[in-house]
Amino acid sequence: MPQMIDGKAISAQIKDEVKEQVAALAAQGKKVCLAVIQVGNDPASSVYVGNKKKACAYVGIESLAYELAAETTQEELLSLIGELNAKDEVNGILVQLPLPAHIDEDAVIQAIDPKKDVDGFHPQSVGALCIGQPGFVSCTPAGIIQLLKRSGIEIAGKECVVIGRSNIVGKPMSLLLLKENGTVTVTHSRTKDLKEVTKRADILIVAVGKPKMITREYVKEGAVVIDVGIHRNENNKLCGDVDYEDVAPVCSAITPVPGGVGPMTIAMLMYNCCAAVQPAGVS
Ligand code: NAD
């Protein structure tokens with residue numbers, strides 16, 4: 001059987017480390033505070049926001065919730081971000097995506113002070129990652145690096161293939177693997193003969209957004225498979241982009257869904273909030 005990469009346990013470990021850091025900062029008279037803005041009441045977003053608030057409460061980070069009506073204008077949202085940028089006591093600002101269609105997400109992301117960009121989506125954060133300078137890193141890919149490292153999986157020199165090139169997962173993932181000295185290939189919807197490419201991977205990161213698309217024909221014997229996807233199947237059960245039952249027997253290590261990548265995203269958000277007050281390193 002493959003090694004089951006336990007995102008629940010690893011995320012709990014990281015949250016406990018952050019909790020200690022928050023307590024150490026408090027002892028120096030420094031508070032950590034995250035402002036979370038939600039526009040509208042998309043049910044999935046409400047669940048994510050609720051989980052973020054819960055994690056803040058656990059680690060001792062103060063969370064300020066701004067629940068705005070779906071009709072909120074872009075100007076109103078930008079003005080709130082401006083106010084939060086100016087507040088010294090607010091260390092991190094998170095705007096839950098997606099936003100209603102009448103609001104330009106890029107404009108909103110760019111309005112956040114890069115020093116408070118705990119989601120790591122601001123062009124300055126992305127640019128810093130690209131040229132290997134310190135900065136906030138998108139939480140999901142940062143969490144995947146922690147999953148690999150803390151499961152004893154070496155990245156340096158490995159053939160790493162990423163499926164997906166989104167700004168929040170695929171692209172930052174490929175940059176982080178490169179930073180860890182992996183040999184990285186990024187694939188996407190226009191890749192020809194995807195299986196041919198993914199079969200080369202020692203480490204295969206799947207962020208394709210299609211339930212159970214990746215079967216064993218895409219996977220080299222003994223590969224490490226990380227499944228970023230989250231979907232609900234016809235029975236309302238969670239599943240990933242990887243067909244777990246089919247793939248698990250051929251790989252050396254794999255993340256389950258749920259309990260793999262999912263819990264890492266919030267743990268790394270907590271880490272980023274702490275780093276906004278006092279840069280330190282888990283990575
Ligand atoms: P996205 O839709 O923005 O990107 C999907 C990518 O897959 C695109 O770059 C596209 O080119 C590529 N793609 C689509 N069809 C393809 C095909 N047939 N062959 C090869 N590539 C193909 O999605 P995303 O935001 O990157 O998210 C991916 C998945 O991860 C989704 O299921 C999402 O729900 C999940 N997700 C999970 C977390 C988490 O915390 N676990 C965080 C973010 C996203």
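**View 1. Salt bridge between Asp202 and Lys220.** In this predicted model, the side chains of Asp202 and Lys220 meet in a salt bridge, 2.7 Å from N to O. The pair links distant parts of the chain, 18 residues apart. Asp202 sits in the loop between α8 (194-198) and β7 (203-206). Lys220 sits in the loop between β7 and β8 (224-227). Asp202 is partly exposed, at 22% relative accessibility. Lys220 is partly exposed too, at 28%.

**View 2. Salt bridge between Asp246 and Arg216.** The side chains of these two residues meet at 3.4 Å, N to O. Asp246 belongs to helix α9 (residues 244-247), and Arg216 to the loop between β7 and β8. The pair links distant parts of the chain, 30 residues apart. Asp246 has a relative accessible area of 22% and is partly exposed. Arg216, at 35%, is also partly exposed.

**View 3. Salt bridge between Glu17 and Arg150.** The closest N and O atoms of this pair are 2.9 Å apart. Glu17 counts as partly exposed at 30% relative accessibility. Arg150 is partly exposed at 27%. The whole structure holds six salt bridges.

**View 4. Buried residues of helix α10.** Helix α10 spans residues 262-277. Its buried residues include Met264, Ile266, Met268, Leu269, Met270 and Tyr271. Asn272, Cys273 and Cys274 are among the buried residues as well. The buried residues of α10 pack against three helices, α1 (7-27), α2 (43-59) and α6 (139-150). They also pack against strands β2 (33-39) and β4 (92-95).

Definitions and conventions
Residues are numbered from 1 along each chain as its sequence is written. This is a predicted model: local features need pLDDT of at least 70, side-chain atom pairs count only at pLDDT 80 or more; totals for chains, interfaces and linings use all residues. Side-chain values use heavy atoms; hydrogens and water are left out. Buried means under 20% relative accessible area, exposed over 50%, partly exposed in between (1.4 Å probe, protein chains only). Helices (H or I, at least four residues) and strands (E, at least two) are DSSP runs, numbered from the N terminus. Contact means heavy atoms within 4.5 Å. A salt bridge is a side-chain nitrogen of Lys or Arg within 4 Å of a carboxyl oxygen of Asp or Glu.
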